[in-house]
Amino acid sequence: MSGLQGLGQENIWFDKSRYDEAERHFYEGMNGIPQTPQERDASAIMQDIAKARQNIQQSLAGSQNASKSEDQSELVSRLKSLELDNKNLHKVVDDLRAVLSKLESRMAVLEKSQAPAAKTVTVTKAAPVQKPKVEEHNGADDDDDDIDLFGSDEEDEEAERIKAERVKEYAQRKSKKPALIAKSSILLDVKPWDDETVMSKLEECVRSIQMDGLLWGASKLVPVGYGIKKLQINCVVEDDKVGTDILEEEITKFEDYVQSVDIAAFNKI
């Protein structure tokens with residue numbers, strides 16, 4: 001089919017003069033003009049050419065009709081699918097309309113049922129207030145004189161006694177609790193005179209200081225410079241019994257070993 005279409009669209013005709021001559025002879029033979037054998041052959045060729053042209057036109061027309069039929073079939077299928085979708089949409093819309101109508105009917109029924117309930121208002125009667133009865137007493141009744149509205153003195157004495165006992169018990173419980181002792185952790189820097197000072201002897205002298213509320217802890221030697229080391233010693237003291245001034249005074253009494261005493265750190269425990 002493609003070869004015939006190409007032939008139909010061919011614009012170049014190399015043997016046009018021969019075909020024109022043959023066509024001329026053909027029409028002359030049709031009009032009764034005598035023809036030579038050569039002219040008869042040319043007329044036969046012209047007939048063949050005419051048949052070929054007719055066949056080409058028929059083939060081209062068939063191909064166009066086939067393409068048109070294919071396009072039409074595709075269009076028909078698409079139209080059918082659109083019609084089907086349209087039907088489905090109409091069905092969905094109808095279902096929605098049915099649901100909305102049901103809802104509207106239910107709302108109308110509810111509104112009608114609530115309207116009478118709103119109109120009817122229940123009125124409850126208040127219970128009658130009962131007035132307290134006041135009994136009249138004769139002047140001859142002397143029983144009311146025996147009633148003591150404020151209590152007796154004996155009841156006041158009993159309450160005071162119970163209150164005093166509770167205060168006493170609370171004071172006893174509080175006295176049994178151990179008192180909180182305030183303590184502090186002190187880090188002392190004890191510096192010698194020079195590098196020839198015996199640091200072990202210096203530490204021995206410091207630890208020989210004993211007081212109530214004083215507890216010595218760990219110690220170490222810290223280089224200061226030029227071969228001199230200082231004694232850094234920790235101690236725990238009770239604030240009410242031992243102060244920093246007393247410690248410095250007691251340590252500086254060892255004048256042969258101690259040059260000065262500094263407080264490096266002071267923390268409450």
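Hi everyone. Before anything else, a definition: two strands count as paired if DSSP finds at least two bridges between them.

The strands β1 and β3 run antiparallel to each other, with eight bridges between them.

Now let's zoom out. The sheet is open and has four strands, in the order β2-β3-β1-β4, with antiparallel pairing. Which strands are at the edges? Those are β2 and β4, and each of them pairs on one side only. From one strand to the next, the twist averages 20 degrees. As a reminder, strands of a sheet pair through backbone hydrogen bonds, either parallel or antiparallel.

Two helices go with the sheet. Helix α5 packs on it and touches β1, β2, β3 and β4, and its direction makes about 15 degrees with that of β3. Helix α6 also packs on the sheet, touching β1, β2, β3 and β4; the angle between its direction and that of β4 is about 155 degrees.

In soluble globular proteins, nonpolar side chains tend to be buried together. The largest nonpolar core here has 18 residues, and Leu 188, Trp 216, Leu 247 and Ile 251 have the most contacts inside it. Elements giving two or more residues to this core are β1, α5, β2, β3, α6 and β4. Which one gives the most? That is β3, with four residues. Take a look at Trp 216 too: among the residues it touches are Leu 188, Ile 233, Leu 247 and Ile 251.

Gln 232 lies in strand β3, residues 228-238. Is Gln 232 buried or exposed? Its relative accessibility is 15%, and buried means under 20%, so Gln 232 counts as buried. Its side chain makes a polar contact with the side chain of Asp 189, at 3.0 Å. Gln 232 also touches several other residues, including Leu 187, Ser 219 and Lys 220.

Finally, how far can we trust all this? The protein averages a pLDDT of 78, and 72% of the residues score at least 70. Where pLDDT is low, the predicted coordinates should not be read in detail. Thanks, everyone!

Conventions:
Residues numbered from 1 in each chain as written. Predicted model: local features only at pLDDT ≥ 70, side-chain atom pairs only at ≥ 80, totals over all residues. Heavy atoms only, no water. Buried < 20%, exposed > 50% of the residue type's maximum accessible area, 1.4 Å probe, protein only. Polar contact = N/O pair within 3.5 Å; in protein donor to acceptor, adjacent residues only side chain to side chain. Contact = heavy atoms within 4.5 Å. Core = buried A, V, L, I, M, F, W, Y, C linked by side-chain atoms within 4.5 Å. Axes fitted to C-alpha atoms, helices over the stretch in contact; angles between N-to-C directions. pLDDT = per-residue confidence, 0-100. Lists of a residue's contacts leave out its neighbours within four places in sequence.
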